[in-house]
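Student: I've got a model open in the viewer and I'd like to learn how to read it. Could you walk me through it, one feature at a time?

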Amino acid sequence: MTQPPPTPAPLRLEARVLASRNEGGPQHRLVLGVPGWRGFGPGQFAMLSPGARASVPRSDPLLPRPMAIYRARARGGAAEVEILYKVCGRGTALLAEALPGQRVGFVGPLGRAFPAPAPGERALLLGGGTGIASLYELAARLAPAAPVTVLFGARSAADLMGTEDFAALAVELRIATEDGSRGARGLATALLEAALAEGGPACVYACGPTPMMRRAAELARARGSRCLVSLENHMACGFGVCLGCAAPRAGGGFALVCRDGPMFEAGALAWEGLA
Amino acid sequence: MKSAAAVDLRVDLGGIALRNPVLLASGTCGYGAELAPFLDLRQLGGFVAKSLTLEPRSGNPPPRIAEAPSALLNAISLENVGVEAFLREKLPAVPEGVVVLASVFETETQRYVEVCKRLSGAPRVAGIEINASCPHVKSGGIEFGQSPRVLRELVRATRRATSGPLLVKLSPNVTDIGELARVCEGEGADALSLINSVQALEVDVETRRPVLSNGLGGLSGPAIRPIALRMVWQAARAVSLPLCGIGGIGSAEDAIKFLLCGASAVQVGTASYLDPAVAGQVAEGLAGWCQRHGVARVADLVGRLELGR
């Protein structure tokens, strides 16, 4: 079993908003200037607090929001850290309103990163909706050295995010939409089923809705392939003290998504207990 | 201008000498090591570790947390490593020079006593905080801290189980906090911590179900701060024990409000989730505030709330 790669100690700071762009519909791209950046592992996340320490401190909504780190570009001693997300509530709506120059509370990188595939394994990256944001960095790091197939599903073409970024990588990108407005009509898991059938053992990396990940785990198992999933959950802290992000383990008891995940071997989880 | 070091921040909390009045609240800082990447715990008065039971417990199924206006609602339940693993693995991992208080949470008085006996005399445990917000099984789920009779029995029994400093963390879900504070004082508690989270409910209108799997949860965060201040003030008028104020503290100003209402020390809880280093800033800010206001000893602020206009 491949262990998750070591990752740098998390930073806690106020990051400066360098850019905040609407990318169509509810989709947004946030670029943060993070000083002292020491890198991150693919699949790690950060806790973001919009306006937490602005000129008028905010207590409502109170909690920071966990967000996948999409990618980061080093710029001298700092980095431009990108977050790709969908506005789905008050916290993300506030984040979308952040203007360049404003500050966003930042704690990260947090959680366990995706390991590289074992020698001889194909990398199949399966993203559903916003889950694709957890997979870009992995694709970018694996692509130069090995064949990478990215399978991306969403409800419709308007819900696809970051496709141009993936297209610019040396990866094979296959798209499915439920309404057929772009790519194949149907679910991302149908793309996975086909891709698994095309060759030898694969390592499946899945991030998206729970039913998608659960199905991915079944499909991979049936083919004798490994499946790693990245869970999302509500979290208050992100570093293992609030104990709010419990996910049931296969053997009983609970794992914390923030500390023990967000990346898990699919077989380590009790899927029937996941929301 | 005098340096911040000129302000005397030391306080005594029921026999525990603290370098400053700022602690981390139980259940919000794990066993200490979790916050180490963000905060040097030696900047603080100390921390109260996650409540311990006799055996390890795994807690409630999700969802365990929900957001409420300026607040967090949680029902984690008893999840902890158990007292033995705490003593064997967690306590030795705490850096030297950090004041550690252990918190005890059980379902029966005798089990509280057993946990206290194991903690009593452990070299790194500066004191024991009894979490009295646990449902009392024999009383059909009422919290230990809600019944003067049940609380009296609990404090009496745990007092006998330890010779070290004994704090009782009071439940806010009561009619008369002063009466319960007096019960603790009468049974020999050394200090009181208050308040624990406020019992609350949040509802999902689509499913018509409670948001939390447990149904009820405990509310914490800035929304409960005025409730906590009121209860600390009432407890301070009822007893002469030192008090440790808890409830929505996220800044030095918040901490000073509690000191003025009669708390000798404070605990930072939910605010650490937003910013894991915030307690250090509260401690630093206290020194700065005292300096700007000509207060030489932070202890001089305790109970100095001015009443009347």
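Tutor: Helices (H or I, at least four residues) and strands (E, at least two) are DSSP runs, numbered from the N terminus. Two strands pair if DSSP finds at least two bridges between them. Here, strand S6 (residues 71-74) of chain B and strand S14 (residues 217-220) of chain B pair in the antiparallel sense, over three bridges. In that pairing Leu72(B) sits opposite Ser220(B) of S14(B).

Student: Before we go on, what kind of model is this, and how is it labelled?

Tutor: It's a predicted model: local features need pLDDT of at least 70, side-chain atom pairs count only at pLDDT 80 or more, and totals for chains, interfaces and linings use all residues. Residues are numbered from 1 along each chain as its sequence is written, while chains are lettered from A and ligands numbered from 1 in the order in which they are written.

Student: What is the strand order of the open sheet of four strands in chain B?

Tutor: The general idea: strands of a sheet pair through backbone hydrogen bonds, either parallel or antiparallel. In this case the order is S5-S6-S14-S11, with antiparallel pairing. Strand S5 (65-68) and strand S11 (198-200) of chain B are the edge strands, each pairing on one side only. Neighbouring strands of this sheet are turned by 35° against each other on average, direction ignored; the axes behind that angle are lines fitted to C-alpha atoms (for helices, over the stretch in contact), and angles run from 0 to 180 degrees between N-to-C directions.

Student: Which strand pairs with S13(A) in the parallel sense?

Tutor: Strand S12 (residues 202-207) of chain A does, over four bridges. One bridge partner to look for is Val229(A) in S13(A), which goes with Ala206(A).

Student: Is strand S13 of chain A enclosed or open, and why?

Tutor: Count neighbours. A residue is buried if 20 or more other C-beta atoms lie within 10 Å of its own, exposed if 12 or fewer, and partly exposed in between, with C-beta atoms placed from the backbone. Five of the five residues of strand S13 (residues 226-230) of chain A are buried, so the strand is largely enclosed by the rest of the structure. Arg226(A), Leu228(A) and Ser230(A) point one way, Cys227(A) and Val229(A) the other.

Student: Which residues does Tyr205(A) touch?

Tutor: Two residues are in contact if their C-beta atoms, placed from the backbone, lie within 7 Å. Leaving out residues up to four places away in sequence, Tyr205(A) touches Phe114(A), Ala123(A), Leu125(A), Leu126(A), Leu135(A), Leu138(A) and Leu228(A).

Student: How many residues of each chain meet at the contact between A and B?

Tutor: 29 residues of chain A are in contact with 28 residues of chain B. On chain A's side, strand S7 (103-110) and strand S14 (246-248) each supply at least two residues, and S14(A) gives the most, with three. That side divides into 19 nonpolar, eight polar and two charged residues. For those classes, Ala, Val, Leu, Ile, Met, Phe, Trp, Tyr, Cys and Pro count as nonpolar, Asp, Glu, Lys and Arg as charged, and the others, Gly among them, as polar.

Student: What are the domains of chain A?

Tutor: Domain bounds come from an automatic or database domain assignment. Chain A is divided into domain 1 (11-110) and domain 2 (122-230), whose C-alpha centres lie 25 Å apart. Their contact takes twelve residues from domain 1 and twelve from domain 2. On the domain 1 side, strand S6 (residues 78-86) of chain A gives the most, with three residues.

Student: Now the backbone. What should I look out for?

Tutor: Most residues other than glycine have a negative phi, and most peptide bonds are trans. Now look at the peptide bond joining Gly261(A) and Pro262(A): it is cis, with omega about 5°. Pro262(A) is in the loop between strand S15 (254-256) and strand S16 (263-265) of chain A. The bond from Leu194(B) to Ile195(B) is also cis, with omega near 15°.

Student: What about phi at Ser77(B) and Arg208(B)?

Tutor: Ser77(B) has a positive phi, near 70°, and lies in the loop between S6 and helix H1 (83-90) of chain B. With 19 C-beta neighbours inside 10 Å, Ser77(B) counts as partly exposed. Arg208(B) has a positive phi of about 55°, and is exposed, with 7 other C-beta atoms within 10 Å.
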